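Subject: the structure I promised you

Hi,

Here is the structure I said I'd send over.

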Amino acid sequence: MKKEITSILCAAAITCSAGAANVSNFSDVRPSDWYHDAVNYVCENGLMNGTSDTAFSPNATTSRGMIVTILYRLAGSPDMPESNWGYPYADVDTNAYYSAPVYWARMNDLVTGYSDTQFGPNDAITREQLTAILYRYADHLGLDTDTGFIPDKYYDFSDYQSVSRYAANAMSWCVNKGIVSGSNGKLNPQGTASRAEVATMLMNAEDILNENEPAEPETPASPDEQPVPDDTDNETADDNQTVTDEISLRPIGKSAVDEYGGYWDYDLSNATFDAINDLREENGLPRLAYSLQVQEWADIRSKELVGAYRDNLYEAHYRPDGTPFVTVGKGCNTENALLGLVTTDAQENLNKWYGSLGHRENMLNTRSKTAAVSTYVQGEKVYALQLFNKLTVEELNNL
């Protein structure tokens with residue numbers, strides 16, 4: 001598959017010169033440079049050439065036209081009859097190398113213009129724009145782009161709040177997939193993507209974009225069938241650590257109906273929480289401690305899903321004030337949400353969550369120490385929320 005993609009991309013590197021496709025010929029790329037391996041990768045695979053026979057220009061910018069051309073050729077340069085291009089962009093010459101790729105990207109909702117008449121093909125692409133394009137392309141391939149998985153890796157960056165709303169899910173996906181690693185603890189989302197950065201992201205994304213048909217089991221697999229996710233860079237709890245579990249204090253039954261005509265079904269919530277821990281044990285992971293504090297936050301979040309799903313006022317993993325879900329409480333590091341398909345059978349609900357790679361990784365993540373599940377019922381709709389927290393019960397009680 002890699003060789004096939006490589007052959008497609010041989011001409012995808014649009015530069016000032018045909019250049020030398022050998023990193024050793026570039027005087028501006030040394031073995032000690034952080035981008036050396038990435039430049040070597042894109043050159044060896046025909047993804048990018050040099051700007052001259054002796055220079056790669058790693059710090060030069062990359063244009064929007066160049067990026068869509070790379071993706072277009074990655075897709076096999078599909079035929080683009082002019083009759084299918086739709087209303088033309090005034091700044092896209094039909095004779096330009098990027099003309100067909102621009103309209104192909106537009107038709108497939110991968111990259112849109114600034115308006116119906118302006119695309120900005122020569123504009124430098126920003127880091128967040130590039131993540132959004134790769135994210136949409138992965139979705140176009142049918143890959144799992146669920147951004148509910150272990151998003152606290154994304155929130156580890158000090159400037160995550162500066163990511164534009166449209167690119168937040170994409171940036172989170174790229175961070176968690178290892179496509180974006182940041183620099184000095186920053187994502188620098190509005191910074192222009194240099195040629196070195198583009199080369200690095202392409203190298204990091206290769207295996208991910210090759211997963212054209214990811215396996216999604218319908219039911220939880222046994223430990224022998226389903227390996228524990230590779231969270232080697234995550235914090236792991238001390239196996240000997242004693243954690244006070246407040247599970248005996250969990251609310252039961254159904255809460256009183258609130259002013260919005262809704263209520264929390266704690267029996268269903270508790271059964272789902274237990275099913276998550278059973279799943280973790282099956283996969284060789286420690287059970288999560290139950291926390292009343294996390295339950296309180298989970299109840300807030302499940303009710304907030306009404307505005308996200310029913311009213312479409314904000315994105316599912318955001319809150320009514322526009323902030324990400326982590327602001328509901330200290331230490332909250334990931335969540336799973338489910339609407340519409342929720343039943344009164346906890347195991348059936350768990351299987352639905354498990355069928356998504358992102359949700360499954362959340363339930364099997366090694367960074368969380370406590371959790372709670374909340375199911376808010378309003379009319380015929382059930383809004384279910386799994387909330388995970390990286391603090392222990394003792395740490396939460398000392399807040």
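Predicted model: local features only at pLDDT ≥ 70, side-chain atom pairs only at ≥ 80, totals over all residues.

Below are my notes on some aromatic pairs, a pocket and a helix.

Residues are numbered from 1 along each chain as its sequence is written, and side-chain values use heavy atoms, with hydrogens and water left out.

Aromatics. The structure has 10 aromatic pairs (rings of Phe, Tyr and Trp, the last by its six-membered ring, with centres within 6.5 Å; planes under 30 degrees apart are stacked, over 60 edge-to-face, the rest tilted). One of them is Phe26 with Phe56, a tilted pair at 5.7 Å centre to centre and 50° between the planes. It links distant parts of the chain, 30 residues apart: Phe26 is in the loop between helices H1 (2-9) and H2 (36-44), and Phe56 is in the loop between H2 and H3 (64-74). (Helices are DSSP runs of H or I, at least four residues, and strands are runs of E, at least two, numbered from the N terminus.) Both Phe26 and Phe56 are buried (under 20% relative accessible area; exposed is over 50%, partly exposed in between; 1.4 Å probe, protein chains only).

Tyr89 and Phe119 are also tilted, because their ring centres are 5.4 Å apart with the planes at 50°. Tyr89 counts as buried at 4% relative accessibility, and so does Phe119 at 0%. Together with Tyr103, Tyr89 and Phe119 form one aromatic cluster.

Phe56 also has Arg195 over its face, at 4.3 Å from the ring centre (the cut-offs are NZ of Lys or CZ of Arg within 6 Å of the ring centre and within 35 degrees of the ring normal). Arg64 lies over the face of Tyr114, at 4.6 Å from the ring centre.

Helix H11. Which residues of H11 (346-354) are buried? They are Ala346, Asn349, Leu350, Asn351, Trp353 and Tyr354. These pack against helix H9 (266-282), strand E3 (332-339), helix H12 (357-363) and strand E5 (381-389), with contact meaning heavy atoms within 4.5 Å.

Pocket. The second largest pocket is lined by 17 residues, with Trp34, Arg127, Gly182, Ser183 and Glu197 nearest its centre (on a 1 Å grid over the protein atoms alone, a pocket is an open set of points where a 1.4 Å probe fits, with protein on both sides within 12 Å along at least five of seven lines; lining residues have an atom within 4 Å of a point). Helix H8 (195-209) gives the largest share of that lining, four residues.

Cheers
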